[in-house]
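Hi everyone, thanks for coming. Today I'd like to talk about salt bridges, so let me put the structure up.

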Amino acid sequence: MSPRLVVPAVVVVVAIGLLAYWYLYPSEGASEVPIKAKIELPKPLELKMSVSEALKKRRSIREYRDEPITLRELATVLWAAQGITDPRGFRTAPSAGALYPLRVFVVVRKVEGLVPGIYVYDPKTHTLGLVRRGNFTTELQRACLDQEWVGHAAVDLVIVGYERVLQPRYGERSFRYMALEAGHVGQNIYLACTALGLGTVAVGAFYDDRVKEILGITEGDAVPLYVFPIGRR
């Protein structure tokens with residue numbers, strides 16, 4: 001090979017390698033959210049209720065007692081939603097190409113051991129990252145067309161999707177796959193809450209831009225897909 005061609009060939013190989021890595025392992029969108037503090041979560045509870053019983057008892061619950069839930073209960077629901085269950089990084093809910101374009105934001109009102117605020121769940125470390133301090137449940141309720149169960153919940157989980165994580169591989173089908181994955185996560189939340197004796201309901205009616213403002217994710221391609229109020233029944 002001519003010496004003149006060696007450098008260009010190396011550049012091409014490196015470029016192809018970087019593109020392949022980006023294609024196979026795109027970065028998670030919510031990593032751009034500034035984190036003020038990290039909170040270690042306790043190990044998830046072992047759920048004793050059978051899948052069969054949880055499926056039979058699963059209902060949409062819109063009324064909650066004005067009581068806190070425990071940090072371990074929250075940790076269990078978050079693990080059920082997006083927890084890692086395999087050394088290769090596979091999670092509790094299936095994802096197209098195992099790319100995982102979703103992040104779970106946590107709007108806390110009454111959780112033992114947590115100050116009210118907005119957090120984001122990190123499945124890789126099973127931790128919460130504090131995004132904003134303060135009680136934002138009333139604001140979130142208004143953004144959800146004033147559905148009062150959103151404001152009365154001890155905590156609200158907001159599932160946010162980042163379509164660009166899927167776009168390089170799946171193109172125009174990316175949003176469909178992202179929405180399907182949110183459905184898988186939502187059912188896991190329902191079943192975990194049922195097994196824990198907690199109530200939840202899937203909320204899909206909200207003003208996207210207002211929810212993004214509350215969460216602090218107005219930049220980029222973040223798309224709120226679901227809100228799950230959770231409280232003690």
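This is a predicted model: local features need pLDDT of at least 70, side-chain atom pairs count only at pLDDT 80 or more; totals for chains, interfaces and linings use all residues.

**Salt bridges in this model**

I'll walk you through a few of them.

Let's begin with R232 and E73. Their closest N and O atoms sit 2.6 Å apart, and the two form a salt bridge. Where in the chain does each partner of this pair lie? R232 is in strand β7, residues 222-232, while E73 is in helix α3, residues 71-82. That puts them 159 residues apart, so this pair links distant parts of the chain. And are R232 and E73 buried or exposed? Both of them are buried.

Now over to helix α8, which covers residues 208-215. R210 and E213 are both in there, 3 residues apart, and that's about one turn of the helix. Their side chains meet in a salt bridge, with 2.9 Å from N to O. R210 has 31% relative accessibility, so it counts as partly exposed. E213 is partly exposed too, with a relative accessible area of 43%.

Some salt bridges share partners, and in that way D66, R109 and K110 are joined into one network.

One more pair: E67 and R65. They form a salt bridge as well, and here the closest N and O atoms are 3.5 Å apart. That counts because the cut-off is within 4 Å. E67 has a relative accessible area of 31%, which makes it partly exposed. For R65 the value is 42%, so R65 is partly exposed.

How values were computed: Residues are numbered from 1 along each chain as its sequence is written. Side-chain values use heavy atoms; hydrogens and water are left out. Buried means under 20% relative accessible area, exposed over 50%, partly exposed in between (1.4 Å probe, protein chains only). Helices (H or I, at least four residues) and strands (E, at least two) are DSSP runs, numbered from the N terminus.
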